[in-house]
Structure formats: structure tokens, C-alpha cells
Amino acid sequence: MIRPLLLAGAALFGAALPTSPASAAQKAGRSWTIDDQLTVPEVRDLAVSADAKSAIYVVRIADRQSDRTVALLRYVDLEKGTTRELQRAAWIDQLKRIPGTGDWSARIDKGDGVQLYRIGASGAVTPIVAHPATAIYGDTEGAVLPGYGHAPLATGVRAHSWSPDGRWLWYVVLDAAPFVKAMRYDDTVTAERAQRRAPGRATASIYLRDPGGKDILLATRPQSDLRTFFDRSFVQWEKDEVRFDVMETDPAGGQQVVTMGWSFTSEKIRVVDGKAARGYWRLPGLHGGRLSSEGTGDTRELVETIPGDERRSFGRFPFAVGDARAAGGFLSPDGRRAIAGFRTIDNPRFGLAIIENDRVRTISSAFSLNYCDFTVSLTKGACIAQSQTTPPSVVRVDVASGGVARVASVSADHEGIAPLRIEPRTWINRHGYKATGYIVWPRGYTKGRQYPAIVITHASDADDRFATHENQWEYPAQLFAERGYVVLLVNSPTSRQNAEIDAAYEAWVSETKAVSPEKLRQLIWLNSVATFEDSVKELVDRGIVNPAQVGIAGYSFGSQMTNVTITNSSMFRAASSGDGGYLEPAFYFNVAGSYDTVFGGPPTDPAALANYRRLSPSLRANEVCGAVLQQVAAPLIPSIDLHAALRKAGVPAQLSLYPGENTATDETHIFHIPSNRILAMEENIAWFDYWLLGKRDPQSPHADRYALWDKMRDAAPRSCSARTANDENRH
């Protein structure tokens, strides 16, 4: 057992980035515009050269002229700081260094579907695997699976991995199943209840290309194998075999991750582990095991679990490894050094944990370090550095010294924006639960003046990253601050802060009934409502926020939290709920296992129905005290049911559907069409300005809606002021 090592402050987060001319220039910069919000760069991947003298990275940027989100592949000289563009395409991802060469590989859609390409140091892009792209991946008619954050893509190559010597290539291709005109029955029909069109069907073929260029078929997988279809196969290269994960589904619908292995000597496949670990990725340790952060509270125990269930502890730290937003795991060939990205528990930012000689040290900075890659020996590398106020830049990392040095900006345009004042916060709500987040202060904030406020929430994505789309969605937080709003980016209370709430989230995710519906309702949803209310109340009590001008917004998980909040709180006078509908009774048959955990059964069960009435937003529409906007990517039943219930209850409500690229497509869950993104941001601005401030902008693209909003406002027979004082006792 290793003696616990407790570090804090500067000792833990030592290496700060030097102040650069670009960051100094920001102080006298300009204000945010809506075009700035639209074009915030979204870095997706980074890979360094074998000698760490250069790197390539992918950034996704909205292109207003073409009305598409495009992927840019850039090459940066890590010594000189010069950057050049190598490729512009509909899609680029999975950047990997090809071992033993000076080249990289990536999946790229150059117009003939997503295929696998080699990228030379000179910038030449040549095909490695070109498979007829017959399977559509994305939100479109005939698509095999939803794409969520990108346009529908014809997909040939789904995933790939290189052996450590670069001689073997493991890859997956997709083949669409031909349409069969036949009747369907029972479960094959009900599975499509929330879909407007039948999804496409496909198979995934897993291949291994040997050093001589021969392709060996390892397995053909059905579409139910979500590990393979979602590129989460966790390929492991061992001395005598290549291992990869697949997902098996039993006749009852239960799913289990299984690790398969293909032997280089026998050329046969076998089951290595019939019950493999679930996780976004697995972090390798020094002793042949996997790293994880265990326990609850403000510190977590860093543990390596070794085959045979041996457990080695490295101590407790105020961070957790294994977060999907942190850098992945790296292990040197000699097994003496491992690197795992971490996310701090308080004031969340991202850094690197270096494990060697059975001890742990950290590399961190004033900024978050994401999207990192290192040389094989793990001596040098590069990352993307960013913060709430500083746009992403490429930095060099010296692992031995812990030094981090800025190399090049990812977006020179955003470097010119004068930073807003953004304050990290940890709130403790009335029940004693902690939640993290940020306050974005209005530019030119004046003490003694009351301001309107908007809470923006999305699960746990409010951390030290720059204007992250997955957190803010189409709620332009920085632009709201420029317009005089106090913006609170608030996470829900963290699931790992104590055993009770951890058990609630575990029961929910695992779809068990280990925790009662009543307890789940209190610990997960109403606990968040209390956090949102208390974070605002603090500013109201300090005379900073006008209690009559408070709104709330959130998409996806944040949408369900927004819907629950407005049906359980009288504090919020306006809400914007983005593309969500979980908790609505109509959605039961699509997520029956999850709903059985939350509600105790289907809404047709009289015993469970009481739980729906306590939590389902559409069944609590009469409790709403503010105007509700729903912005959706598809006209799905849950969102429509909530809208209808709100209108019937006399609540001012609007349901706005944002279109796809054509009649056969829907917009994606994270909007990818720039014109939709602009319209959605403009709609949110108009909505909150109207319902919170009484303002109208005749130049707004949504100005034609004011007349209808006037009618809803005048017809709304609602007054919740008498309830406000009672809300705290209810939660």
C-alpha cells in the first residue's frame, strides 16, 4: 500500500502558462458578438509527431457562408509556433500517429464518405482504407444510429487502431443492410414509437490488415453491438494477440461488454473476458492494471486494479481520473511511466497525473489541459489549453519538468475579445449538497444596481473550458452578460460527493430499484432545483439580482432539469428548454428500464402513476409560474405533450422546431447547422428580453412573434407570487 499523498494549492497545480502577448492584448479587446458565439472553435482531437516537434489537430468551426459546420485539419510547428491548414472536410476525427513513421492517420470525409487516410508531414492526404460508404450515420432517414452533433454522414470506416510497431492495422467498416419489404410485428414496431422514420440497418465488419497488406476478417457484428458501432472497442495490443471489446445482447435485451482476442500465431479468435469493464476508456497503470478514482467526497483515491483483483492505492487527491472530457491514458513501453488526464473536484479544470516509481505528481496550469498526446516514451507532448476566459491554444508539455509553454492560438479572432469577469463558485444548497459552476458577470458591473439573471445548466459540463457548446448549447451566455444579465453556469449536485447520492445515481444508471422513486426524486431532481434556487437567492439577498427578472435554460439533461425546476419552483419567470423530453409519461416504452427505476413502473400502473404526478413536467403544468420556450431538433412526442399541457394550463408557451438540411433529415441534438444556431440564439435573446425585461427588438428575426407573446401574456391567468415564500420548505 502506498502512503496517501495529500497536496493542495500551488504544490498540486504547479506549472503555470506564461503570459503571452495575445493574452495580454485581450484586456483592451472588444465585446462579444453573436458571430463570436457561433464561431467558437471546437477542438476535437490532437496528435503529436514521434519527436514532438510538430502536431496536427482537428477543429470544428461553423461556416456561415456554406451554412455547414466544417472540420479543419491543422499542422503546427511546436518549436516555431507556425500553423498551416492541411485539409478542410465535412468530417475529420480519430487522429493517430502511425508508429514507426513520421505520418498520421485519420477518418476523413472528403466527399466520398468517411474513409481512412494517411496524413504525411508534408500535408499530403492519401487513402489507407476506402470502403464503399453505404451506411448513413446521423439524424436522417435511413440512418443506422443518431449522430447527435454532426450532419448525417455516409460512413465507410468507423474506427481504427495501429499496433505499437505500426505494422498491423485494426479497423471497422460499415455495410448497410438492404431494405426488405416485409411486415413487422410487436417489438420491432414499438421500438420505433418515438421515431418519424424507420432507421436503417447495418452490420459492422472488424478487420485486421497484416504487414503484407492482407485483410483478415475477425468478426461481423450486428447493429445491437453498440461498442463497435459507437467506436468504443478499446483495442489493446498484446504480445501474442489483439484484443477488442464488443457488446452482446441476450434474448431478454440485457447487454454485456465482452473482450475478444485474436491470436497472431493460431489466427483464431477467443473470449478473453466475458464481463469486461464498462467505461468510456480504460486507463493503463504501471502494474498491468487499470487506473480509476474511487470513493466519494472532496478527494478521491487513485487506485490501480491489477488482474486477479489486486488493488494498489496511490493516495487521495482532489481530482478524479477517467472523466470523458479529460485527456486519455498513456503508458510508456517500459511500463515505468503512466499519464492519466484528471478533472478537479472543486472549481473543475483539467490536468495531467503523472504516475512513476509508484508516486503521483501533477502537471496543471491556470488553464485546463485537454486533447493531449505524447511521444512513445512519454517525455514530451502537446495539449490544448483553455479556460472560461481564454480561448483554446496549443501548448508544449515537458513531462519531466512539468513545464507548459504556449505555442499557437487556435482562434486569433477570439483572442481579441476582452475577457468578461467569470467567477468560479461552489454552492452548498439548503440540504447540504455541493454543486460547482461559474458566475458570468455583466460587463461594466456596477455595485448597488440590480440585474436580471439567467441560470444555464447541463449536467456537469460547467467547467474551465471556453464557451463550450455542449454546456451552453444555443444559450449565448457571454452575449447575455454583454447585454446586462448575470449568468450562472450551474452544475447539478455532484453524484460522488457522498454515498447516499452516489447510490441514487448508480441505481438510476444501472436501472435497478435499489433506491426508491421518492428518494431518487429528492436526491437527483429536486436537489438540483434547490441548488438553482439557492444560487440565485444568494445574489438576490445581496441586492445584485432582481427577483422578478430570473430565468433558467438548459438542453438535454439540462432540459429535464429545466422542466422539473419550472414545475417545482415559482422563482423563474421565463425558461428555455432545449431538445429534451425525459420524464414524460409518453416516453416510457422507449426507456422502460430507466423509467421503472425512476417511477416504479409504467404510467398505466396505478401505483406508479402517483410518482409520475409528482415528477413528470406535463402532469405538473399547472404549477408553472413563467413562460416556457421549447427548442427542438425533432417533433418527438414528449416535447409535444409538455407543450400541449402548458397551453392547456394557460402557461405562455412556445414550441420551436429547427429544420434539418432537407426533408429527409432532422437537425442534430447538438445543433450543427449554423443558420439554426444563429436563429436559436436570437430566439433565446428575444424570449428572455421579452418575458424578463419587457423589451422588444424590431430588428430581431423573431419580431413577428411578439404579437402572439402579447396575447399569451394578456391571457395568462397566473400569479405565483404567493407561492414564492413556500418553495424553500417544499424542497
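Predicted model: local features only at pLDDT ≥ 70, side-chain atom pairs only at ≥ 80, totals over all residues.
A residue counts as buried when its relative accessible area is under 20%, as exposed when it is over 50%, and as partly exposed in between, using a 1.4 Å probe and protein chains only. Residues are numbered from 1 along each chain as its sequence is written, and side-chain values use heavy atoms, with hydrogens and water left out.

- Names first: helices (H or I, at least four residues) and strands (E, at least two) are DSSP runs, numbered from the N terminus.
- Two strands pair if DSSP finds at least two bridges between them.
- On one side, β3 pairs with strand β2 (residues 54-63) in the antiparallel sense, over 10 bridges; here I61 sits opposite V70 in β3.
- β2 and β3 make a hairpin with four residues between them, and D67 in the turn has a positive phi of about 60°.
- β3 also pairs with strand β4 (residues 83-89), again antiparallel, over six bridges, and R74 stands opposite E85 in β4.
- The β3 and β4 hairpin has five residues between the strands, and G81 takes a positive phi near 85° there.

**A four-stranded sheet**

- Have a look at the open sheet of four strands, which runs β11-β12-β13-β14 with antiparallel pairing.
- β11 (157-162) and β14 (215-221) are at the edges with a single partner strand each, so one side of each has no neighbour in the sheet.
- From one strand to the next, the twist averages 20°.
- β11 and strand β12 (residues 169-176) are joined by five bridges in the antiparallel sense, with S161 bridging to W170 in β12.

- T531 is found in helix α10 (residues 517-541), and T531 is buried, with a relative accessible area of 1%.
- Contact means heavy atoms within 4.5 Å; leaving aside neighbours within four places in sequence, T531 touches N429, A435, V490, N491 and P493.
- Axes are lines fitted to C-alpha atoms, for helices over the stretch in contact, and angles run from 0 to 180 degrees between N-to-C directions.
- The axes of α10 and helix α13 (residues 606-615) come within 11 Å and cross at roughly 15°.
- That makes α10 roughly parallel to α13, since angles under 35 degrees count as roughly parallel, over 145 as roughly antiparallel, 65 to 115 as roughly perpendicular and the rest as oblique.
- In this contact, P517, E518, R521 and W525 of α10 meet N611, R614 and L615 of α13.
- By class, that contact of α10 with α13 has three nonpolar, one polar and three charged residues.
- For those classes, Ala, Val, Leu, Ile, Met, Phe, Trp, Tyr, Cys and Pro count as nonpolar, Asp, Glu, Lys and Arg as charged, and the others, Gly among them, as polar.

**Helices α15 and α16**

- The axes of helix α15 (residues 674-693) and helix α16 (residues 706-715) come within 12 Å and cross at roughly 40°, so α15 and α16 are oblique to each other.
- A686, W687, Y690 and W691 in α15 meet Y706, W709, D710, M712 and R713 in α16.
- The residues of this contact divide into seven nonpolar, no polar and two charged.
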